[in-house]
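Reader: I'm new to this. Can you walk me through the model?
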Amino acid sequence: MLESIGHTAAGPDGIVSWFLKGAAIGLTAPITYLLNQSILFAYVPPQWKKSMITPVPKVPKPFSEADFRPISITPILCRILEKQIVHRFFYSFLTDPLQNSIYSDQYAFRPTGSTTAALISIIHNTLEMLNSNDYVHLIALDFSKAFDTVRHAHLASILAKLPIPDNVYNWIIAFLNGRQHCTKFLGEISTYIEINASMVQGSGFGPLNFITAITSLNAASPANRLLKYADDCYLLIPSSNSASVTLELDHISRWAADCNLKLNQKKTSEMIIHRPRVGLGNLTAPGTTTGLARVTSMVILGVTISDDLRFNNHVQRLCCQARQSFYALRTLVAHGLRGLHLYDVVRATTLARMLYASPAWWGFVGQRDKDRFEVLMRRLIRYHYLPGDSLSFEQLCIKADSRLFSSILVDNGHVLHELLPPIKTSKYSLRPRAHDRIIPPADNLMRKNFITRMIYKV
């Protein structure tokens with residue numbers, strides 16, 4: 001681990017990465033002993049409880065404090081130990097379906113979790129509700145400074161219920177107690193102050209601690225669903241339960257107050273999702289909820305979804321971004337970038353952006369939009385930005401679908417495994433299929449969904 005340390009900033013203790021990496025052979029034994037003793041006796045050195053906050057801009061031109069993300073620079077050795085504790089004591093039950101039920105609605109900072117998985121789950125649950133409802137309320141919740149304001153006492157009460165050794169729990173509590181931080185900005189360093197909240201963004205524990213703290217947030221009504229990706233929460237309410245919208249928002253506000261969070265009403269929005277070709281004018285549209293902005297399209301984890309489950313706006317944005325990247329690619333070629341190195345740049349930028357979360361939305365895209373992607377791919381090949389034998393965009397999407405579906409089938413701990421239909425049992429010896437699952441009844445809209453689409457693709 002010492003030899004694999006990358007170029008990273010030193011913490012307040014002043015121990016730099018190049019020294020730890022260069023002297024790894026001689027330092028391994030004493031550092032290993034000290035880290036083991038730290039866990040055994042639940043002792044965190046005072047130097048490890050200090051962190052230096054470096055504000056990182058969230059927008060190109062920041063104007064206020066809210067435009068910065070407070071990233072904490074913590075000691076390197078402490079980060080190493082935090083990551084080891086997470087992998088050794090937490091991953092075992094995070095990947096076990098029998099023990100990780102409290103994380104079942106969380107798709108961030110978990111093994112196999114991703115924005116793609118979160119989008120697939122949101123669309124899948126929405127379509128299931130539309131099978132027996134006219135429309136579905138999709139409410140995007142936003143918490144102000146969620147990572148920086150969660151109270152340590154709230155996190156400690158949830159950690160106490162997890163199946164981790166007592167000394168590990170005590171180590172985490174010791175890590176949180178008496179924490180101090182200062183801020184470094186434009187060469188100036190503030191004085192240290194003690195904090196009793198914050199998940200310490202930039203630490204090895206920060207992501208896990210946050211998704212643990214937010215596990216206590218659940219829908220008030222069993223008919224509704226609340227899905228999370230870190231602090232991005234999405235509430236799904238079927239039309240048959242529309243009366244519970246206000247109840248759910250009040251319940252979430254009370255929960256947020258208990259753990260020192262605040263629901264940002266200005267950034268919380270609502271979208272009424274209905275079937276394509278069935279406008280809200282043909283339905284009994286619900287009244288607007290007080291304090292919520294109602295929209296007809298919403299950007300969910302980087303993907304634009306319309307209220308009729310179309311992705312035309314998302315495709316339009318992707319194509320525009322891809323065309324805009326051609327200028328940058330021409331500049332790189334003019335400076336001499338050619339061949340394999342150029343291909344790698346294109347795959348890591350333009351192509352990766354076009355393929356982002358494709359399993360979630362590719363099945364809903366019409367032929368006209370698919371042709372737009374193929375035109376872009378042919379241009380990339382014609383300008384020699386990609387090799388001539390490159391796969392088509394549709395083949396790349398199919399490859400991404402198959403890779404994700406295969407991992408869901410074989411991994412019982414995958415975050416999307418619970419969406420699969422039951423295993424089919426038969427007393428006959430039938431020809432082998434791509435999967436052993438029951439093929440559920442589904443209409444044309446449901447077959448566009450990732451899980452159903454792959455189940456039918458036998």
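Author: First, a definition: helices (H or I, at least four residues) and strands (E, at least two) are DSSP runs, numbered from the N terminus. This is a predicted model: local features need pLDDT of at least 70, side-chain atom pairs count only at pLDDT 80 or more, and totals for chains, interfaces and linings use all residues. Residues are numbered from 1 along each chain as its sequence is written, and side-chain values use heavy atoms, leaving out hydrogens and water.

Reader: Which strand does Thr 304 lie in?

Author: Thr 304 is in strand S12, residues 303–306.

Reader: Why does Thr 304 count as buried?

Author: Because its relative accessibility is 9%. Buried means under 20% relative accessible area, exposed over 50%, partly exposed in between (1.4 Å probe, protein chains only).

Reader: And what does Thr 304 touch?

Author: Leaving out residues up to four places away in sequence, its contacts include Ser 297, Phe 311 and His 314. Contact means heavy atoms within 4.5 Å.

Reader: New topic. Which residues of the largest nonpolar core touch the most other members?

Author: Ile 300, Ile 305, Trp 361 and Phe 373, out of 63 residues. Such a core is a set of buried Ala, Val, Leu, Ile, Met, Phe, Trp, Tyr and Cys residues joined through side-chain atoms within 4.5 Å.

Reader: Which helix gives this core its largest share?

Author: Helix H4, residues 115–130, with nine residues.

Reader: What about Ile 300, what does it touch?

Author: Leu 119, Ile 122, Leu 138, Tyr 234 and Ile 305, not counting residues up to four places away in sequence.

Reader: Leu 138, then. What is its bridge partner in S9?

Author: Met 271. Six bridges join strand S3 (135–141) to strand S9 (269–274), and the two run antiparallel. Two strands pair if DSSP finds at least two bridges between them.

Reader: In what order do the strands of the open sheet come?

Author: S7-S8-S3-S9-S10, five strands with mixed pairing. Strands S7 (225–229) and S10 (293–295) are the edges, each pairing on one side only.

Reader: Now H11. Where does it bend?

Author: At Arg 347, by about 40°; the helix covers residues 339–355. The bend at a residue is the angle between axes fitted to the seven residues ending there and the seven starting there.

Reader: Which residues of H11 are buried?

Author: Leu 342, Tyr 343, Val 346, Thr 350, Leu 351 and Met 354. They pack against helices H10 (312–334), H12 (358–361), H13 (367–382) and H14 (393–410).

Reader: What comes just after H11?

Author: Ala 357, with a positive phi of about 55°.
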